[in-house]
Amino acid sequence: MAVLLRRLWQLGRTPGVLGHSLRPREASLGSDSGAAVRVRFAPSPTGFLHLGGLRTALYNYIFAKKLGGSFILRLEDTDQSRLVPGAADNIEDMLEWAGIPPDESPRRGGPTGPYLQSQRLELYTQAVEALLKTGAAYPCFCSPQRLELLKKEALRSHQTPRYDNRCRNLSQGQVAQKLAKDPKPAIRFRLEDEAPAFQDLIFGWNRHEVASVEGDPVILKSDGFPTYHLACVVDDHHMGISHVLRGSEWLVSTSKHLLLYQALGWSPPRFAHLPLLLNKDGSKLSKRQGDIFLECFAAAGFLPDALLDIITNCGSGFAENRTGRTLPELIAQFDLTRITCHSALLDLEKLPEFNRLHLRRLVSSETQRRQLVEKLQVLVEETFGSQLPDRTVLDTAYVERIILLRQGHICRLQDLVSPTHSYLWTRPAVRRAQLYAISEKVDVIAKYVLGLLERPDMSLTQEILNAELKKLSEGLAGTKHSDVMKLLRVALSGQPQGPPVAEMMVSLGPKEVRERIQKVLSN
């Protein structure tokens, strides 16, 4: 690059066409002519994937799948100083966990790779060389200290900080002198006075006069890495991106990007800027909140479909707006023209209810229920370990019965290993005196229940048990039905509150119920 700069300013800038490696993309790509749809999700691995990023990725994914196109993951890792170890892998891991895996990515590869910007530096250099040759770009020798001073002065005057284009009109001699002292200057793009208007697929017609507001932007830093503005244009062109669906914070930069496309002789993609995802009070989602990262939701037992459901339910872009939608339904109902300009307000307090609906749907599928059984078996063993009385509590039939009985009452599978449900896996330590504090009819109640369990004609269903226990209460003068239920609940679980007693008995099974009651009577 330094050699090229010296040649250009020794000979004078010479207008010319772009080289073969930078040939314009087919004009039809990204238009409404029916060419292949290719979209990309391009986060920076400066942090782990969070809900805002998931929403942008999801809209790209469902747009591509709706139109039979391709969804590409590209990692914009050009800011090497801010990279977070493990973030690149986390982003792709979480997309796969969420059920929206990319068709092309750093891990999967693809025809337009590499998919890490740090491995595409030659492409950015070629683009900058072309811009320097046509005079659309120029070297900037301003020091970081001078640029910081400009910023402070603007803020002190209550103005928007902007570069004053000081190096734009340096003479060839001045440039040559400065190159001798600083052979690796930054490269800036020469903004035109009038930015082109463009029609955003969500926000409609737009034009932002970036030249008067920002000054000429840096497109290649002195370390040889591009800034976002150059890199996204070059990569979207070479990867054949037809539509760019990104956050609305980039709307004002689009005019700048279109000027770059124009200067490079390339046809731009169509743009659709997605309204922001905000907290329910209108504040920004913050990575510092900690709980917006996908891995936190996954570890807490929330289902991918529940997250996809809630982040689309609070926004727009779908023919229907109801809870419980699956990914295939989201794809089928998606309509880009239905996305409004209003920010989406996310109420995470509703997430447990979304999760309950999707968990219940999984339970209704025999195949998926089997997977839930396996997951719950692992959770039980991890949570209780040596406290388990024996391995029978991990029997598939028993664990499946618990899931079927508790579906609709729990929001996460993890709820079944909470203290409230510990009685399902461990035997409580209950003494006879605890039951006498509830009712003096301990022996009568216990013997009645034990008698029920011994009857050969007894079918242990919740309906029959409720009727029998009601009959028991009615036959005990001076004893409330609620006291009978509380006594049995404590005897079976050691807890004064919990699921209905009849459900507890069906869950535990006649053998375990008998053993627990007999144990209490013997204490």
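Residues are counted from 1 along each chain as its sequence is written, and side-chain values use heavy atoms, leaving out hydrogens and water. Because the model is predicted, local features need pLDDT of at least 70 and side-chain atom pairs count only at pLDDT 80 or more, while totals for chains, interfaces and linings use all residues.

**View 1. An open sheet of three strands, in the order 3-4-7**. Pairing here is antiparallel; two strands pair if DSSP finds at least two bridges between them. Strands (E, at least two residues) and helices (H or I, at least four) are DSSP runs, numbered from the N terminus. Strand 3 (137-140) and strand 7 (218-220) sit at the edges, each pairing on one side only. Neighbouring strands are turned by 45 degrees against each other on average, direction ignored. Have a look at strand 3 and strand 4 (residues 186-189), which share four bridges in the antiparallel sense. Cysteine 140 has alanine 186 of strand 4 as its bridge partner.

**View 2. Strand 8 and strand 9 running parallel**. Strand 8 (residues 243-247) is joined to strand 9 by five bridges, and arginine 246 stands opposite histidine 273 in strand 9. To get from strand 8 to strand 9, the chain goes through helix 9 (residues 254-264) in a right-handed β-α-β crossover; with the strands pointing away from the viewer, that path runs clockwise from the first strand over the helix to the second. Four of the five residues of strand 9 (residues 270-274) are buried, so the rest of the structure largely encloses this strand. Buried means under 20% relative accessible area, exposed over 50%, and partly exposed in between (1.4 Å probe, protein chains only).

**View 3. Helix 17 packing on helix 19**. The axes of helix 17 (residues 442-454) and helix 19 (residues 481-493) are 11 Å apart, at an angle of about 70 degrees. That makes the two helices roughly perpendicular, a label for angles of 65 to 115 degrees. Val442, Ile445 and Val449 of helix 17 meet Val484, Leu487 and Leu488 of helix 19, where contact means heavy atoms within 4.5 Å.

**View 4. Serine 473 in helix 18**. Helix 18 spans residues 462-474, and serine 473 is buried, with a relative accessible area of 6%. Leaving aside residues up to four places away in sequence, serine 473 touches Thr479, His481 and Val484. Tyrosine 261 is 212 residues from serine 473 along the chain, and their C-alpha atoms are separated by 82 Å.

Technical notes
Axes are lines fitted to C-alpha atoms, for helices over the stretch in contact, and angles run from 0 to 180 degrees between N-to-C directions. Angles under 35 degrees count as roughly parallel, over 145 as roughly antiparallel, 65 to 115 as roughly perpendicular and the rest as oblique.
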